[in-house]
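Open the model in your viewer and keep the selection tool ready. Each stop below says what to select next and what is there.

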Amino acid sequence: MLDQVLDTVLNGLLVGSLYSLMALGLALIIASVKIYNWAHAELVTVGAYVAALLVNLSGASIFLSIGFAFLGSAALALGMDESLFKPHEKRGSTGIQIMVATIAVGLIIRYTVYIYATAESLLTLKANIPVSNLWTWGAVSVSTLDVSIIPTTVVAIVLLFLLLKKTIVGKQIRAMADNPDLARVSGIKVKRTRRLVWIIAGGTAGVAGALWSAYSLVNPEIGWILLLDAFAAYIVGGPSIYGSAAAGFVLGLVENTGSYLLNQFFGVPTQYKLLITFSLVVVVLLFRARSVMKIGSGERMLSAG
């Protein structure tokens, strides 16, 4: 049983790393632009489809497909903000109204993907990349996929930390998060900084989708399904980019290990693992609801949670 638990823990880390990648972009937009972007789900879906189609139809490597997934989702994210979210803000729309707009935009993109996928018989697909085992011990197996996905997430988190903490661009993003008007009068090009934020957030969502397409089957609703876990990571990790990223790993572990143990000892089907995640979310909101919903400062976005 020990080796099965260890295999479940490894799988939990892998899934948790993908939750973390999604939560990174989601938390960055909430912290700096102050938008709860429900269309973030579709950025993941688009990234997954771009990567899987490139690998399957053109034989591109997974690394090249990840690059195109980043670019595709980043362009879509930037386009959404420039054409819809910015005009709403200029017209004085409230945060709730803009959030509803993100839901509407997400639905439009999702059903556009549905139309394309139905016409091309691509309602489910997976990136057909070669996967081989590197090491096996009982039920525990470490594959090339494991040693690709988890380090990719860690590298993304480190690079984002260095960008926000150690560069002039990062200081500008944090200044914009603190007070956009003050940042503007201080000489910071807020519009350009905001565009960069959307590119980073959309691109990381696309990378998460690309890696998920290598890990499992994807469909036009995959982003929406995974978004629930990304928001759960944001809530559990607090209004913090790195707290959200860490919480993504924790949720992956808790979901997979907890559902496995419940299945072994009580016969609970593993399909109900989201019950574990959202039970944790409810507990966190009971004690930290006010701090979770506070999305103000640039320093807070870099805190531990």
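**Stop 1: a residue in α2**

Select A52, which lies in helix α2. Helices here are DSSP runs of H or I with at least four residues, strands are E runs with at least two, and both are numbered from the N terminus. This is a predicted model, in which local features need pLDDT of at least 70, side-chain atom pairs count only at pLDDT 80 or more, and totals for chains, interfaces and linings use all residues. Residues are numbered from 1 along each chain as its sequence is written, and side-chain values use heavy atoms, with hydrogens and water left out.

Is A52 buried or exposed? A52 counts as buried, at 0% relative accessibility. (Buried means under 20% relative accessible area, exposed over 50%, and partly exposed in between, with a 1.4 Å probe and protein chains only.) Now show what A52 touches: L125, K126, A127 and S213, not counting residues up to four places away in sequence. Contact means heavy atoms within 4.5 Å. Then draw a distance from A52 to M80. Their C-alpha atoms are separated by 23 Å, and the two residues are 28 apart along the chain.

**Stop 2: α1 against α5**

Select residues 2-32 for helix α1 and residues 146-166 for helix α5. Two packed helices are described by the angle between their axes and the distance between the axes. The axes of α1 and α5 come within 9 Å and cross at roughly 30 degrees. That makes α1 roughly parallel to α5. Axes are lines fitted to C-alpha atoms, for helices over the stretch in contact, and angles run from 0 to 180 degrees between N-to-C directions. Under 35 degrees counts as roughly parallel, over 145 as roughly antiparallel, 65 to 115 as roughly perpendicular, and the rest as oblique.

The crossing of α1 past α5 is left-handed. (Left-handed means that the near helix is turned anticlockwise from the far one by less than a right angle; right-handed means clockwise.) Show the side chains that make the contact. From α1, pick L10, L13, L14, S17, L18, S20, L21, L24 and L28. From α5, pick D146, I149, I150, T153, A156, I157, L160 and L164. Colour by class and the contact has 13 nonpolar, three polar and one charged residues. Ala, Val, Leu, Ile, Met, Phe, Trp, Tyr, Cys and Pro count as nonpolar; Asp, Glu, Lys and Arg as charged; the others, Gly among them, as polar.

**Stop 3: α6 against α8**

Move to helix α6 (residues 168-178) and helix α8 (residues 190-215). Their axes lie 10 Å apart, at an angle of about 100 degrees. That makes α6 roughly perpendicular to α8. On the α6 side, select V169, Q172, I173 and M176. They meet V190, T193, R194, L196 and V197 in α8. By class, this contact has six nonpolar, two polar and one charged residues.

**Stop 4: aromatic rings**

How many aromatic pairs are there? The count comes to seven. Rings of Phe, Tyr and Trp (its six-membered ring) pair if their centres lie within 6.5 Å; planes under 30 degrees apart count as stacked, over 60 as edge-to-face and the rest as tilted.

Select W38 and W224. This pair is tilted, at 5.9 Å centre to centre with 40 degrees between the planes. W38 lies in the loop between α1 and α2 (40-58), and W224 in helix α9 (residues 222-237), so the pair ties together parts that are 186 residues apart in sequence. W38 is partly exposed at 23% relative accessible area, and W224 is partly exposed at 29%.

Next, pick F161 and Y242. Their ring centres are 5.7 Å apart and their planes at 65 degrees, so the pair is edge-to-face. F161 lies in helix α5 and Y242 in helix α10 (residues 241-266), so this pair ties together parts 81 residues apart in sequence. F161 counts as partly exposed at 34% relative accessibility; Y242 counts as buried at 14%.

**Stop 5: D229**

Select D229 in helix α9. D229 counts as buried, at 3% relative accessibility. Leaving aside neighbours within four places in sequence, D229 is in contact with Y19, L251, E255, L274 and T277.

**Stop 6: K34**

Finish on K34, in the loop between α1 and α2. K34 is not a glycine, yet has a positive phi of about 65 degrees.
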